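Please read this briefing with the sequence and the 3D structure side by side. The points below are grouped by topic, beginning with the chain as a whole and ending with single residues.

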Amino acid sequence: MAGKIACFVVLCIVAAARSAEALTCTDVDAHLKNCVPFLTNTGLLGTCCDGVKELNAVASTTVDRQTACTCLEAAAKSMLLLDLTKAANLPNTCGVELPFKISLDMACSTVV
């Protein structure tokens, strides 16, 4: 019985550590990969909004929101054929309120 309790405690610690990890651009990209066809006018919206909503939910701290902002800005600058109007309107399209507007020039350090 003590072994099962110890195993449960270890699993709880691992889960807590995982949830405390900072958001990365890899995470942001993973959440928004299904948006690329829509944002480049090569596909439909599809499941893009699911990723937008998930990203909004996991970016729960100021640091996470600033990271997401910085990653989105970098992605916008590097994405060929990006429809900037669709990118800027993506949060509204998906019914999500973000503390910044997606563009090529975002003041990410001021995001709270």
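Of the 112 residues in the chain of this predicted model, 29% count as buried. The chain exposes about 7000 Å², and 63% of that area is supplied by carbon and sulfur atoms.

**Fold and contacts**

- The secondary structure of the chain consists of six helices and zero strands, and the order of its elements from the N terminus on is α-α-α-α-α-α.
- When contacts between residues at least 6 apart in sequence are considered, 73% of them join residues at least 24 apart.
- The count of aromatic pairs in this model comes to zero.

**The largest pocket**

- The largest pocket has a volume of about 340 Å³, and of the 26 residues that line this pocket, the closest to its centre are Val28, Leu32, Leu39, Leu72 and Ala75.
- At least two residues of this lining come from each of helix H2 (25-32), helix H3 (36-39), helix H4 (48-58), helix H5 (62-78) and helix H6 (84-93).
- Among the contributors to the lining of the largest pocket, H5 gives the most, with six residues.

- Leaving aside residues up to four places away in sequence, Phe38 touches Gly43, Leu44, Leu45, Lys86 and Leu90.
- One of these contacts, Lys86, has its charged end over the ring of Phe38, at 4.3 Å from the ring centre.
- Phe38 and Cys48 are ten residues apart along the chain, and their C-alpha atoms are separated by 8.0 Å.

**The loop between H3 and H4**

- Asn41 is found in the loop between H3 and H4, and its phi is near 60 degrees, which is a positive value in a residue other than glycine.
- With a relative accessible area of 46%, Asn41 is partly exposed, because this value falls between the limits of 20% for buried and 50% for exposed.
- Gly46 is also found in the loop between H3 and H4, and its relative accessible area of 65% makes Gly46 exposed.
- From C-alpha to C-alpha, Gly46 and Cys35 are 8.0 Å apart in space, while in sequence they are eleven residues apart.

**The loop between H5 and H6**

- Leu81 is found in the loop between H5 and H6, and although Leu81 is not a glycine, it has a positive phi of about 65 degrees.
- Why does Leu81 count as exposed? Its relative accessibility is 69%, and exposed means over 50%.

**The segment after H6**

- Ser109 lies in the segment after H6, where this residue is exposed, with a relative accessible area of 63%.
- Along the chain, Ser109 and Thr62 are 47 residues apart, and the separation of their C-alpha atoms is 9.5 Å.

Conventions:
Residues numbered from 1 in each chain as written. Predicted model: local features only at pLDDT ≥ 70, side-chain atom pairs only at ≥ 80, totals over all residues. Heavy atoms only, no water. Phe/Tyr/Trp six-rings, centres within 6.5 Å; stacked < 30°, edge-to-face > 60°. Lys NZ or Arg CZ within 6 Å of the ring centre and 35° of its normal. Helix = DSSP H or I, 4+ residues; strand = E, 2+ residues; numbered from the N terminus. Buried < 20%, exposed > 50% of the residue type's maximum accessible area, 1.4 Å probe, protein only. Contact = heavy atoms within 4.5 Å. Areas by Shrake-Rupley, 256 points an atom, 1.4 Å probe, with all protein chains shown as cover. 1 Å grid on protein atoms, 1.4 Å probe; cavity = no way out; pocket = protein on both sides within 12 Å on 5 of 7 lines; lining within 4 Å. Points joined across faces, edges and corners; volume = space filled by probe spheres on them.
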